[in-house]
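I opened the notebook to look up contacts, strands and cavities. Entries follow in the order I checked them.

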Amino acid sequence: MAPLLSQWSSDYAKKTGVRITYGAIGSGGGIAQITARTVDFGASDAPFTPDQAADCDGCLQVPWALAATFVSYNVKGAPTKLKLSGPVLAGIYLGKVTRWNDPAIAALNQGAQLPATKITPVYRSDSSGDTYAFADFLAKVSPEWKSQKGVSTQVNFSTGVGGNGNDGVAAAVGRTDGAIGYLAISYVFSNKLDYALIRNEAGNFPVPGLDSVSAAAASVTSIASDNAISITNPPASAAGAYPISTFTYALVRESSGKAKTLRDFLTYAIGDGQKFGAKLQFAPLPSRVLEADRKTIARIG
(Lines give C-alpha, C1' and ligand atoms only; values in the text may rest on other atoms or scores of the structure.)
Protein backbone atom coordinates (compact mmCIF):
# COMPACT_ATOMS: atom_id res chain seq x y z
CA MET A 1 0.00 0.00 0.00
CA ALA A 2 2.90 2.35 0.74
CA PRO A 3 3.88 2.96 -2.92
CA LEU A 4 0.33 3.95 -3.84
CA LEU A 5 -0.11 6.20 -0.82
CA SER A 6 3.17 7.90 -1.71
CA GLN A 7 1.77 8.72 -5.15
CA TRP A 8 -1.51 9.88 -3.67
CA SER A 9 0.06 12.16 -1.06
CA SER A 10 2.35 13.80 -3.64
CA ASP A 11 -0.41 14.38 -6.17
CA TYR A 12 -2.92 15.48 -3.55
CA ALA A 13 -0.51 18.04 -2.13
CA LYS A 14 0.01 19.51 -5.60
CA LYS A 15 -3.71 19.68 -6.24
CA THR A 16 -4.89 20.95 -2.85
CA GLY A 17 -1.92 22.11 -0.83
CA VAL A 18 -2.88 19.60 1.86
CA ARG A 19 -0.02 17.34 2.98
CA ILE A 20 -0.87 13.75 3.88
CA THR A 21 1.77 11.88 5.87
CA TYR A 22 1.76 8.08 6.00
CA GLY A 23 4.13 5.68 7.74
CA ALA A 24 4.22 2.10 6.47
CA ILE A 25 4.26 -0.06 9.61
CA GLY A 26 2.18 -3.07 8.56
CA SER A 27 -1.54 -3.69 8.83
CA GLY A 28 -1.40 -4.64 12.49
CA GLY A 29 0.33 -1.38 13.26
CA GLY A 30 -2.26 0.59 11.31
CA ILE A 31 -5.08 -1.04 13.25
CA ALA A 32 -3.31 -0.46 16.58
CA GLN A 33 -2.62 3.21 15.87
CA ILE A 34 -6.13 4.16 14.77
CA THR A 35 -7.49 2.26 17.79
CA ALA A 36 -5.15 4.22 20.07
CA ARG A 37 -6.19 7.47 18.31
CA THR A 38 -2.55 8.37 17.62
CA VAL A 39 -3.23 8.90 13.88
CA ASP A 40 -6.03 10.43 11.82
CA PHE A 41 -6.33 7.33 9.64
CA GLY A 42 -4.77 3.91 9.36
CA ALA A 43 -4.40 1.48 6.48
CA SER A 44 -4.73 -2.29 6.52
CA ASP A 45 -4.90 -5.16 4.04
CA ALA A 46 -7.04 -6.95 6.63
CA PRO A 47 -10.48 -5.80 7.76
CA PHE A 48 -11.21 -5.42 11.46
CA THR A 49 -11.98 -8.59 13.35
CA PRO A 50 -15.11 -8.25 15.53
CA ASP A 51 -12.88 -7.71 18.59
CA GLN A 52 -10.79 -5.10 16.79
CA ALA A 53 -13.90 -3.27 15.63
CA ALA A 54 -15.20 -3.21 19.20
CA ASP A 55 -11.85 -1.97 20.51
CA CYS A 56 -11.70 0.80 17.90
CA ASP A 57 -15.21 1.89 18.96
CA GLY A 58 -16.67 4.10 16.26
CA CYS A 59 -14.21 3.37 13.48
CA LEU A 60 -15.10 2.90 9.83
CA GLN A 61 -13.27 0.96 7.12
CA VAL A 62 -13.20 2.08 3.51
CA PRO A 63 -11.89 -0.35 0.84
CA TRP A 64 -9.70 1.99 -1.22
CA ALA A 65 -7.30 -0.26 -3.11
CA LEU A 66 -7.32 -3.70 -4.69
CA ALA A 67 -4.23 -5.87 -4.93
CA ALA A 68 -2.91 -9.37 -4.23
CA THR A 69 -0.41 -11.43 -2.30
CA PHE A 70 2.12 -13.40 -4.36
CA VAL A 71 4.03 -16.56 -3.56
CA SER A 72 7.70 -16.12 -4.43
CA TYR A 73 10.34 -18.86 -4.39
CA ASN A 74 14.05 -19.46 -4.86
CA VAL A 75 14.81 -23.02 -5.95
CA LYS A 76 17.85 -23.83 -8.06
CA GLY A 77 16.89 -26.19 -10.84
CA ALA A 78 13.14 -25.57 -10.57
CA PRO A 79 11.16 -24.14 -13.48
CA THR A 80 9.89 -20.58 -13.58
CA LYS A 81 6.18 -20.03 -12.88
CA LEU A 82 6.01 -23.19 -10.80
CA LYS A 83 2.42 -24.32 -10.24
CA LEU A 84 1.16 -24.69 -6.69
CA SER A 85 -2.22 -25.18 -5.01
CA GLY A 86 -3.75 -24.05 -1.74
CA PRO A 87 -3.58 -27.51 -0.13
CA VAL A 88 0.09 -27.82 -1.13
CA LEU A 89 0.87 -24.39 0.32
CA ALA A 90 -0.93 -25.32 3.51
CA GLY A 91 1.11 -28.53 3.66
CA ILE A 92 4.34 -26.56 3.20
CA TYR A 93 3.54 -24.05 5.95
CA LEU A 94 2.28 -26.80 8.26
CA GLY A 95 5.60 -28.61 7.81
CA LYS A 96 4.10 -31.62 6.03
CA VAL A 97 5.43 -30.97 2.50
CA THR A 98 9.17 -30.65 3.03
CA ARG A 99 10.92 -31.29 -0.32
CA TRP A 100 10.49 -29.60 -3.68
CA ASN A 101 10.15 -32.96 -5.46
CA ASP A 102 7.26 -33.98 -3.20
CA PRO A 103 4.66 -35.95 -5.21
CA ALA A 104 1.99 -33.31 -4.51
CA ILE A 105 4.14 -30.62 -6.18
CA ALA A 106 5.22 -32.95 -8.99
CA ALA A 107 1.58 -33.77 -9.79
CA LEU A 108 0.91 -30.07 -10.43
CA ASN A 109 4.01 -29.70 -12.61
CA GLN A 110 4.02 -32.78 -14.81
CA GLY A 111 7.17 -33.17 -16.86
CA ALA A 112 9.16 -30.72 -14.76
CA GLN A 113 12.44 -31.75 -13.20
CA LEU A 114 12.12 -30.87 -9.54
CA PRO A 115 15.10 -31.00 -7.17
CA ALA A 116 14.97 -32.75 -3.81
CA THR A 117 15.93 -29.48 -2.12
CA LYS A 118 14.55 -28.93 1.36
CA ILE A 119 11.69 -26.41 1.47
CA THR A 120 12.24 -23.42 3.77
CA PRO A 121 8.97 -21.52 4.33
CA VAL A 122 9.40 -17.80 5.02
CA TYR A 123 6.68 -15.76 6.71
CA ARG A 124 6.10 -12.24 7.97
CA SER A 125 7.30 -11.86 11.56
CA ASP A 126 5.41 -8.58 11.93
CA SER A 127 1.64 -8.17 11.92
CA SER A 128 0.79 -8.07 8.24
CA GLY A 129 -2.12 -7.83 5.84
CA ASP A 130 -0.30 -10.18 3.49
CA THR A 131 -0.25 -12.77 6.27
CA TYR A 132 -3.99 -12.21 6.69
CA ALA A 133 -4.70 -12.70 2.97
CA PHE A 134 -2.44 -15.76 2.78
CA ALA A 135 -3.98 -17.34 5.90
CA ASP A 136 -7.50 -16.45 4.74
CA PHE A 137 -6.85 -18.32 1.48
CA LEU A 138 -5.36 -21.35 3.22
CA ALA A 139 -8.24 -21.51 5.71
CA LYS A 140 -10.69 -21.79 2.82
CA VAL A 141 -8.86 -24.65 1.10
CA SER A 142 -7.43 -26.58 4.06
CA PRO A 143 -9.60 -27.66 7.03
CA GLU A 144 -6.40 -28.54 8.87
CA TRP A 145 -5.03 -25.01 8.44
CA LYS A 146 -8.35 -23.51 9.50
CA SER A 147 -8.51 -25.55 12.70
CA GLN A 148 -4.83 -25.29 13.64
CA LYS A 149 -3.83 -21.78 12.49
CA GLY A 150 -6.92 -19.81 11.52
CA VAL A 151 -6.93 -16.35 9.98
CA SER A 152 -5.03 -13.43 11.43
CA THR A 153 -2.52 -10.71 10.60
CA GLN A 154 -0.03 -12.65 12.76
CA VAL A 155 -0.05 -16.45 12.65
CA ASN A 156 1.84 -18.91 14.86
CA PHE A 157 3.62 -20.70 12.02
CA SER A 158 4.70 -24.30 12.57
CA THR A 159 7.93 -24.15 10.62
CA GLY A 160 10.21 -21.86 8.68
CA VAL A 161 11.85 -18.49 9.29
CA GLY A 162 10.38 -15.03 9.78
CA GLY A 163 11.18 -11.78 8.01
CA ASN A 164 10.16 -8.27 8.97
CA GLY A 165 8.14 -6.60 6.23
CA ASN A 166 8.29 -7.40 2.52
CA ASP A 167 12.01 -6.54 2.56
CA GLY A 168 12.70 -9.11 5.26
CA VAL A 169 10.75 -11.88 3.57
CA ALA A 170 12.32 -11.17 0.17
CA ALA A 171 15.82 -11.12 1.68
CA ALA A 172 15.27 -14.48 3.41
CA VAL A 173 13.89 -16.04 0.23
CA GLY A 174 16.71 -14.60 -1.88
CA ARG A 175 19.55 -15.95 0.25
CA THR A 176 18.10 -19.44 0.82
CA ASP A 177 18.02 -22.11 -1.87
CA GLY A 178 14.68 -23.88 -1.45
CA ALA A 179 12.90 -20.95 0.17
CA ILE A 180 9.32 -19.88 -0.44
CA GLY A 181 7.54 -16.80 0.90
CA TYR A 182 4.52 -14.59 0.38
CA LEU A 183 4.86 -10.95 -0.67
CA ALA A 184 2.78 -7.98 -1.81
CA ILE A 185 2.17 -7.89 -5.56
CA SER A 186 3.73 -4.44 -6.02
CA TYR A 187 6.89 -5.55 -4.23
CA VAL A 188 7.28 -8.66 -6.40
CA PHE A 189 6.90 -6.75 -9.66
CA SER A 190 9.05 -3.77 -8.68
CA ASN A 191 11.87 -6.11 -7.62
CA LYS A 192 11.40 -8.57 -10.52
CA LEU A 193 11.13 -11.62 -8.27
CA ASP A 194 10.15 -15.13 -9.37
CA TYR A 195 6.67 -16.17 -8.38
CA ALA A 196 4.41 -19.21 -8.51
CA LEU A 197 1.09 -19.67 -10.26
CA ILE A 198 -1.64 -20.65 -7.79
CA ARG A 199 -4.56 -22.93 -8.71
CA ASN A 200 -7.98 -21.37 -8.31
CA GLU A 201 -11.36 -23.04 -7.70
CA ALA A 202 -11.89 -23.44 -11.44
CA GLY A 203 -8.71 -25.51 -11.63
CA ASN A 204 -6.88 -22.81 -13.54
CA PHE A 205 -3.51 -21.17 -12.84
CA PRO A 206 -4.07 -17.53 -13.85
CA VAL A 207 -1.11 -15.22 -14.14
CA PRO A 208 -1.48 -12.84 -11.19
CA GLY A 209 -1.95 -9.25 -12.26
CA LEU A 210 -4.54 -6.55 -12.84
CA ASP A 211 -6.91 -8.71 -14.90
CA SER A 212 -6.91 -11.73 -12.60
CA VAL A 213 -7.22 -9.57 -9.46
CA SER A 214 -10.13 -7.70 -11.04
CA ALA A 215 -11.75 -11.04 -11.87
CA ALA A 216 -11.56 -12.00 -8.21
CA ALA A 217 -13.12 -8.70 -7.15
CA ALA A 218 -15.89 -9.09 -9.73
CA SER A 219 -17.07 -12.19 -7.83
CA VAL A 220 -18.33 -9.97 -4.99
CA THR A 221 -22.12 -10.02 -5.04
CA SER A 222 -22.83 -8.23 -1.76
CA ILE A 223 -20.97 -6.10 0.75
CA ALA A 224 -21.38 -6.36 4.51
CA SER A 225 -22.48 -3.30 6.45
CA ASP A 226 -18.95 -2.85 7.81
CA ASN A 227 -17.43 -3.11 4.29
CA ALA A 228 -15.36 -6.20 5.17
CA ILE A 229 -14.81 -8.13 1.93
CA SER A 230 -12.94 -11.38 1.41
CA ILE A 231 -12.09 -12.27 -2.20
CA THR A 232 -9.61 -15.07 -1.58
CA ASN A 233 -10.47 -18.38 -3.24
CA PRO A 234 -13.41 -17.02 -5.27
CA PRO A 235 -15.92 -19.50 -6.77
CA ALA A 236 -15.19 -21.58 -9.86
CA SER A 237 -17.43 -19.28 -11.88
CA ALA A 238 -14.61 -16.72 -11.61
CA ALA A 239 -12.47 -18.81 -13.93
CA GLY A 240 -9.75 -16.22 -14.45
CA ALA A 241 -9.49 -15.03 -10.84
CA TYR A 242 -6.23 -14.99 -8.92
CA PRO A 243 -7.10 -16.71 -5.63
CA ILE A 244 -5.02 -14.63 -3.17
CA SER A 245 -6.47 -11.23 -4.04
CA THR A 246 -7.36 -8.71 -1.37
CA PHE A 247 -8.78 -5.27 -0.68
CA THR A 248 -6.85 -2.71 1.34
CA TYR A 249 -8.79 -0.49 3.74
CA ALA A 250 -8.54 3.03 5.05
CA LEU A 251 -9.42 2.99 8.75
CA VAL A 252 -10.95 6.20 10.10
CA ARG A 253 -12.94 7.42 13.08
CA GLU A 254 -16.56 8.18 12.31
CA SER A 255 -16.29 11.25 14.53
CA SER A 256 -13.17 13.30 13.83
CA GLY A 257 -11.98 16.85 14.28
CA LYS A 258 -10.56 16.58 10.77
CA ALA A 259 -13.73 15.16 9.22
CA LYS A 260 -13.81 17.36 6.10
CA THR A 261 -10.12 16.82 5.38
CA LEU A 262 -10.58 13.07 5.71
CA ARG A 263 -13.72 13.03 3.56
CA ASP A 264 -11.97 15.04 0.85
CA PHE A 265 -8.85 12.88 0.81
CA LEU A 266 -10.76 9.59 0.84
CA THR A 267 -12.98 10.84 -1.98
CA TYR A 268 -9.83 11.68 -3.94
CA ALA A 269 -8.29 8.26 -3.19
CA ILE A 270 -11.26 6.28 -4.53
CA GLY A 271 -11.68 8.73 -7.43
CA ASP A 272 -8.83 10.53 -9.18
CA GLY A 273 -6.24 8.68 -7.11
CA GLN A 274 -7.15 5.37 -8.74
CA LYS A 275 -5.32 6.42 -11.92
CA PHE A 276 -2.00 5.72 -10.17
CA GLY A 277 -2.95 2.15 -9.33
CA ALA A 278 -2.25 0.25 -12.53
CA LYS A 279 1.47 0.96 -12.77
CA LEU A 280 1.84 -0.20 -9.16
CA GLN A 281 -0.28 -3.33 -9.78
CA PHE A 282 -3.38 -2.10 -7.95
CA ALA A 283 -6.56 -2.94 -9.87
CA PRO A 284 -9.51 -0.54 -10.27
CA LEU A 285 -12.19 -0.67 -7.59
CA PRO A 286 -15.47 -2.27 -8.74
CA SER A 287 -18.53 -0.01 -8.96
CA ARG A 288 -20.31 -1.87 -6.16
CA VAL A 289 -17.40 -1.17 -3.81
CA LEU A 290 -17.20 2.49 -4.88
CA GLU A 291 -20.89 2.91 -4.05
CA ALA A 292 -20.36 1.46 -0.56
CA ASP A 293 -17.28 3.64 -0.09
CA ARG A 294 -19.12 6.86 -0.89
CA LYS A 295 -21.85 6.06 1.63
CA THR A 296 -19.27 5.28 4.30
CA ILE A 297 -17.19 8.39 3.63
CA ALA A 298 -20.33 10.52 3.97
CA ARG A 299 -20.73 9.24 7.55
CA ILE A 300 -17.48 10.84 8.72
CA GLY A 301 -18.38 13.91 10.74
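**Entry 1: charges over rings.** I began with Lys83, which lies over the face of Phe205, at 5.1 Å from the ring centre. I then found Lys81 over the face of Tyr195, at 4.5 Å from the ring centre. My criterion: a charge sits over a ring if NZ of Lys or CZ of Arg is within 6 Å of the ring centre and within 35 degrees of the ring normal.

**Entry 2: ground rules.** I note that this is a predicted model, where local features need pLDDT of at least 70, side-chain atom pairs count only at pLDDT 80 or more, and totals for chains, interfaces and linings use all residues. Residues are numbered from 1 along each chain as its sequence is written, and side-chain values use heavy atoms, with hydrogens and water left out.

**Entry 3: aromatic pairs.** I searched the whole structure and got 20 aromatic pairs. Rings of Phe, Tyr and Trp (its six-membered ring) pair if their centres lie within 6.5 Å; planes under 30 degrees apart count as stacked, over 60 as edge-to-face and the rest as tilted. I looked up Trp8 and Trp64: their ring centres are 5.0 Å apart and their planes stand at 65 degrees, so this pair is edge-to-face. Trp8 belongs to helix H1 and Trp64 to strand E2, so the pair ties together parts that are 56 residues apart in sequence. For elements I use DSSP runs, numbered from the N terminus: helices (H or I, at least four residues) and strands (E, at least two).

Next I checked Phe41 against Trp64. The ring centres are 5.9 Å apart and the planes are at 80 degrees, so this pair is edge-to-face too. Phe41 sits in strand E1 (residues 41–44) and Trp64 in strand E2, so parts 23 residues apart in sequence are tied together. I also recorded one aromatic cluster, formed by Trp8, Tyr12, Phe41, Trp64, Phe265 and Tyr268.

Are Trp8 and Trp64 buried or exposed? Both are buried. The cut-offs: buried means under 20% relative accessible area, exposed over 50%, partly exposed in between (1.4 Å probe, protein chains only). Trp64 has a relative accessible area of 0%. Phe41 is buried at 12%.

**Entry 4: the cavity.** I found 1 cavity of 30 Å³ or more. About 40 Å³ of space lies in the largest cavity. On a 1 Å grid over the protein atoms alone, a cavity is a set of points where a 1.4 Å probe fits but cannot get out, and lining residues have an atom within 4 Å of a point. Grid points are joined across faces, edges and corners, and the volume is the space filled by probe spheres set on the points.

Which elements give two or more residues to the lining? They are helix H1 (2–16) and strand E2 (59–74). E2 supplies the largest share, 3 residues. Trp8 and Trp64 turn up again here, among the lining residues with Leu4, Ala65 and Phe282. I count the lining as 7 nonpolar, 3 polar and no charged. Here Ala, Val, Leu, Ile, Met, Phe, Trp, Tyr, Cys and Pro count as nonpolar, Asp, Glu, Lys and Arg as charged, and the others, Gly among them, as polar.

**Entry 5: strand E2.** 15 of the 16 residues of E2 are buried, so the strand is largely enclosed by the rest of the structure. E2 runs antiparallel to strand E8 (residues 245–253), joined by 9 bridges. Two strands pair if DSSP finds at least two bridges between them. Val62 stands opposite Ala250 in E8. E2 also pairs with E6 in the antiparallel sense, over 6 bridges.

**Entry 6: strand E4.** 5 of the 5 residues of E4 (residues 120–124) are buried, so E4 is largely enclosed by the rest of the structure. Thr120, Val122 and Arg124 point one way, Pro121 and Tyr123 the other. E4 runs parallel to strand E6 (residues 179–184), with 3 bridges. Pro121 stands opposite Ile180 there. Strand E5 (residues 161–163) pairs with E4 over 3 bridges, also parallel. Arg124 stands opposite Gly163 in E5.

**Entry 7: two loop residues.** Where is Arg37? I placed Arg37 in the loop between helix H2 (27–36) and E1. Arg37 is partly exposed at 35%. Its C-alpha is separated by 9.6 Å from that of Val252, 215 residues apart along the chain. Ala224 lies in the loop between helix H10 (210–217) and E8. Ala224 counts as partly exposed, at 38% relative accessibility.

Note on methods
On a 1 Å grid over the protein atoms alone, a cavity is a set of points where a 1.4 Å probe fits but cannot get out, and a pocket is an open set with protein on both sides within 12 Å along at least five of seven lines; lining residues have an atom within 4 Å of a point.
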